[in-house]
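Subject: Handover of a structure and notes on its charged side chains

Dear colleague,

Please find the structure below, together with its sequence. My notes on what was found follow directly after it.

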Amino acid sequence: MAQNATIYKVELSVSDMDRHYYDTHKLTVAKHPSETDERLMLRILAFALNAHEHLEMTKGLSTDDEPDIWQKSLSGELDVWIALGLPSEKMIRQSCGKSGKVVIYPYGGRTAEMWWDKIKTTTTRFGNLQVTNFSENDTAELAKLATRAMTLQVNIQDGEVMVSAGDSIVYVTPVEWKSGG
């Protein structure tokens, strides 16, 4: 019998001083049975880093042809495609062709570094691709904040990120490997 997704309720307050974006989002996030707390929290962080009124979580791991998060225009075109992990060069090429902006958040320490070393030269032609990495330590600390009902405050200033949940605070330093349009 297949396992069902676990539902997480998240109240996410974003204060992004770098983009002058301030809002609270009430999210219902389905955690796939094979998804770790680390990946779940990275999805929520990716949402916060790109927060917009039209940004949406997708079916994620359960579909191969959708990103983890996307933003569509009012006419249905893909404006932003956000993926986590280590997608293939083919998937990157396809998503860069489908969307105005593609953001990839690799994670996993040395594995992510090896993935990037392998594909970075073939992705330089994609002006709409941004790749931002997180350290293993940062994502492990984020995973500790995961609970079924979360109230998170994410503050972003000068590229530094502070995530707080109750009395717990995690500082995250995104490392931009490739900047995109």
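Glutamate 113 is partly exposed, with a relative accessible area of 35%. In this predicted model, its partner in a salt bridge is arginine 110, and the closest N and O atoms of the two are 3.3 Å apart. Arginine 110 is partly exposed as well, at 48% relative accessibility. Both residues belong to helix 3 (residues 110-119), where they are three residues apart, about one turn of the helix.

As background, side chains of opposite charge can pair when their charged atoms come close. The structure holds 11 salt bridges.

Which residues are linked in a network of salt bridges? They are Glu35, Arg39, Arg43 and Asp68. Within this group, the side chains of glutamate 35 and arginine 43 meet at 2.9 Å, N to O. Are these two buried or exposed? Glutamate 35 has 5% relative accessibility and arginine 43 has a relative accessible area of 4%; buried means under 20%, so glutamate 35 counts as buried, and arginine 43 is buried too.

Aspartate 68 and arginine 39 also form a salt bridge, with 2.8 Å between the closest N and O atoms. Aspartate 68 lies in the loop between strand 3 (55-57) and strand 4 (69-72), whereas arginine 39 lies in helix 1 (residues 37-49), so the pair ties together parts that are 29 residues apart in sequence. Aspartate 68 is buried, at 5% relative accessible area, and arginine 39 is buried at 9%.

Yours sincerely,
A colleague

Methods: Residues are numbered from 1 along each chain as its sequence is written. This is a predicted model: local features need pLDDT of at least 70, side-chain atom pairs count only at pLDDT 80 or more; totals for chains, interfaces and linings use all residues. Side-chain values use heavy atoms; hydrogens and water are left out. A salt bridge is a side-chain nitrogen of Lys or Arg within 4 Å of a carboxyl oxygen of Asp or Glu. Buried means under 20% relative accessible area, exposed over 50%, partly exposed in between (1.4 Å probe, protein chains only). Helices (H or I, at least four residues) and strands (E, at least two) are DSSP runs, numbered from the N terminus.
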